[in-house]
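Reader: Could you take me through one part of this model in detail, setting out how its strands are arranged and then how that part sits within the rest of the chain? Please give the cut-offs behind each term as you go.

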Amino acid sequence: MEILKTVNLKKYYGSEENLVKAVDGISFSVEKGSFVAIVGTSGSGKTTLLNLLGGLDYADSGEVIVDGHSILKMKEEELTIFRRRNIGFIFQNYNLVSVQNVYKNIVLPIRLDGNKPDKQYIEHICDVLGIDKKMDRYPNQLSGGQQQRVAIARALAAKPAVLLADEPTGNLDSNTSAEVIGLLKMTGKEFHQTIVMITHNEAIAQLADRVIHLEDGKIIGDKDGEGGRER
């Protein structure tokens, strides 16, 4: 089942000789429950693409369809609500609230939406991620890897249609990076979660089910993970 789709997506900056085609006519679709890595060097357009997929920026043209909804046609307030309910984010810098403990950080997006957290589900997520004994701790009492686990739990807690990860291992050492990617894969399968991750790290990208290569705002390769077949 298709959960995410882009159609001829474009985002340009500047004009004439200063024109930058950050995203230049990208079309692809993602199946529900899959783990997709989007890889490219700095300036390839991967961050711009992720922002468009997550409704954090508007495209110049094209479509982004999340769970059957065209998000680029939504007005700002409608998009904000849709994003909070349907799109989870994991950022490189964790983006945890320093004055709130782990549990309050995890349930914050749910509370902002005026909903009651599913405590049993959240406890299960935290048990799977190995942070169930850290619920009363504050972010500054955690290691980088533990903070990223909290960020993953927060993204999963609202049961989003799609989870977007922006260089989730960018601030971690190699051992912790491998651990975090392993956790992403495991939680994706455990909770039937669709994950789209951007990274500049080819080795990490290969751990995904599918690897999309970007260059100059275009898709130049689309293969199954671990060096699999070209799509």
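**The open sheet and its surroundings**

Author: In this predicted model, four strands make up an open sheet whose order is β2-β1-β4-β5, and the pairing is antiparallel; strands here are DSSP runs of E with at least two residues, helices are runs of H or I with at least four residues, and both are numbered from the N terminus. Two strands are said to pair if DSSP finds at least two bridges between them. The edges of the sheet are β2 (20-31) and β5 (69-70), each of which pairs on one side only.

Because the model is predicted, local features need pLDDT of at least 70 and side-chain atom pairs count only at pLDDT 80 or more, whereas totals for chains, interfaces and linings use all residues.

The sheet belongs to a protein chain that has seven helices and ten strands. The radius of gyration of this chain, taken over C-alpha atoms, is 17 Å, close to the 17 Å that the globule rule (2.2 Å times the number of residues to the power 0.38) gives for 231 residues, so the chain is as compact as a globular protein of that length. Its C-alpha trace spans about 55 × 40 × 35 Å along the principal axes. Among contacts with a separation of 6 or more, 66% join residues 24 or more positions apart, where contact means heavy atoms within 4.5 Å. Buried residues make up 50% of the 231 residues, with buried meaning under 20% relative accessible area, exposed over 50%, and partly exposed in between (1.4 Å probe, protein chains only).

Tyr94, in the loop between β6 (87-90) and α3 (102-112), has a positive phi of about 70° although it is not a glycine, and Tyr94 counts as buried because its relative accessibility is 10%.

Key: Residues numbered from 1 in each chain as written. Heavy atoms only, no water.
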